[in-house]
Amino acid sequence: MTDAFDGIAGHRAALRLLSSQIESKRLGHAYLFVGEPALGKTTVARALARALLPEVPLERHPDYWEDDRRDNLRIDEIRLLPDRQPEHHQQSLQAFLSLKPAVAAYRVALITTVGRMADPIQGILLKTLEEPHPNRVIVLTTPSVSPFVVLPTVVSRCQRVSFHAVPLPEISELLALQGVPRERAEALAGLSRGRPGWAVNASREEGVVERHEHWSQRLDQIFGAPADAALALAAELDAANFEWRSSDRSVEEPVQFALGSWQLHLRRRLLDDPPRRKAKWARLLELSYDTLGYLEQNVSPRLALECFLLEARRADG
């Protein structure tokens, strides 16, 4: 494996693939990195870009284009001839890719969470993927290849690279190398669900472990409770999400955090309870993942949470 990916936790198969393609110079013209948020997709994409563009740091490299914002991408950021100057870039993506590399052997573009682009804008991106220029590499990331998130035609024009949960000892070691005390590193790794990016971000926050315990207790209180309790908790989390959207978003989205805590809680119950009780926890765990999928499809967070919590209340704990 090349030095390009040194220091990255996990993802051995993905890194072996990319390393071999760098060494053989047989790179794909477009990649789709697939995996849930905070697994390391963007970290790997930037490492790939640095390997292809070693001349200067990426943030000032003339042959690198990136959009990693949370906001939706607008059409003028993508199409060749925008109606007005792109707000966040010197050139639109298509204009950038239409030019030959300035100082490197490649031009590299990265768009994280491609589902931020509306279907018509993904359709414009599709034309670029269908008619690639030589020595251009596009990397897209997505948590899902659902047609509600990424157009199937976009998926079909990319080389798909899957990212999976990273072993917890590797995450703990990554945090320790960054100066996180060993006990805290192990606790955060245990809460990360195999997501090194989440663990690194959480290590910079106070009270993450306590927040996890709080939401686990709140779910316990729903088991066997009246429907009103489930609806009230859904409304509380939805209000917290609304407040989060107007903040600096330096912490994880409340609904995502709560669902992650509940998934860990349900997994532990699934492992610890006797066999006759496991089926209900398995069903709830599956429903929690369905709920995350609904959120990716822009279903109302409150409605998605109500459906999950109303089902959860039927468990007697």
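**Notebook: sheet, helices and cores**

I began with strand β1 and found that five bridges join β1 to strand β4 (residues 136–142), the two running parallel. This is a predicted model, so I note that local features need pLDDT of at least 70 and side-chain atom pairs count only at pLDDT 80 or more, while totals for chains, interfaces and linings use all residues. Residues are numbered from 1 along each chain as its sequence is written, and side-chain values use heavy atoms, with hydrogens and water left out.

For the element names I rely on DSSP runs, numbered from the N terminus: helices are H or I of at least four residues, and strands are E of at least two. I count two strands as paired if DSSP finds at least two bridges between them. Within the pairing with β4, I looked up F33 and found T141 as its bridge partner. On β5 (residues 159–162), β1 pairs in the parallel sense over four bridges, and there Y31 stands opposite Q159.

I then checked burial, where buried means under 20% relative accessible area, exposed means over 50%, and partly exposed lies in between (1.4 Å probe, protein chains only). Strand β1 (residues 30–34) is mostly covered, with five of its five residues buried. I see A30, L32 and V34 pointing one way from β1, while Y31 and F33 point the other way. In a regular strand the side chains alternate between the two faces of the sheet.

Taking the sheet as a whole, I read an open arrangement of five strands in the order β2-β3-β4-β1-β5, with parallel pairing. Its edge strands are β2 (64–67) and β5, each of which pairs on one side only. The twist averages 15 degrees from one strand to the next. Helix α2 (residues 41–52) packs on this sheet and touches β1, β2, β3 (107–111) and β4, and its direction makes about 170 degrees with that of β4. For such angles, the axes are lines fitted to C-alpha atoms, for helices over the stretch in contact, and the values run from 0 to 180 degrees between N-to-C directions.

*Helix α9*

I next looked at helix α9 (residues 208–222), whose 15 residues reach 22 Å from the first C-alpha to the last, close to the expected 21 Å; the expectation is 1.5 Å times one less than the number of residues. I list V208, H212, W215, S216, R218, L219 and I222 as its buried residues. Seen down the axis of α9, these fall within an arc of 160 degrees, so they line one face of the helix; the arc is that of the directions from the helix axis to the C-beta atoms. They pack against α7 (182–191), α8 (196–202), α10 (227–245), α11 (254–272) and α13 (301–312). Following α9, G224 has a positive phi, near 80 degrees.

Leaving out residues up to four places away in sequence, R218 touches L233 and E236, where contact means heavy atoms within 4.5 Å.

*Helix α7*

In α7, I find A185, L188, A189 and L191 buried. They cover an arc of only 160 degrees around the axis, which puts them on the same side of α7. The buried residues of α7 pack against α6 (168–177), α8, α9 and α11. Just after this helix, R193 takes a positive phi of about 55 degrees.

R182 is also found in α7, but at 42% relative accessibility R182 counts as partly exposed. Its C-alpha lies 7.6 Å from that of S172, ten residues apart along the chain. Not counting residues up to four places away in sequence, I find R182 touching S172, E173 and A176.

*Nonpolar cores*

Here a core is a set of buried Ala, Val, Leu, Ile, Met, Phe, Trp, Tyr and Cys residues joined through side-chain atoms within 4.5 Å. The largest has 41 residues, and those with the most contacts inside it are L175, L219, F223, W262, L266, L284 and L309. I note that α6, α7, α8, α9, α10, α11, α12 (275–296) and α13 each supply at least two residues of this core, and that α11 gives the most, with seven residues. Leaving aside neighbours within four places in sequence, I find L266 in contact with L219, F223, W281, L284, L285 and F308. A second, separate core of 27 residues includes L58, V108, L110 and V137.
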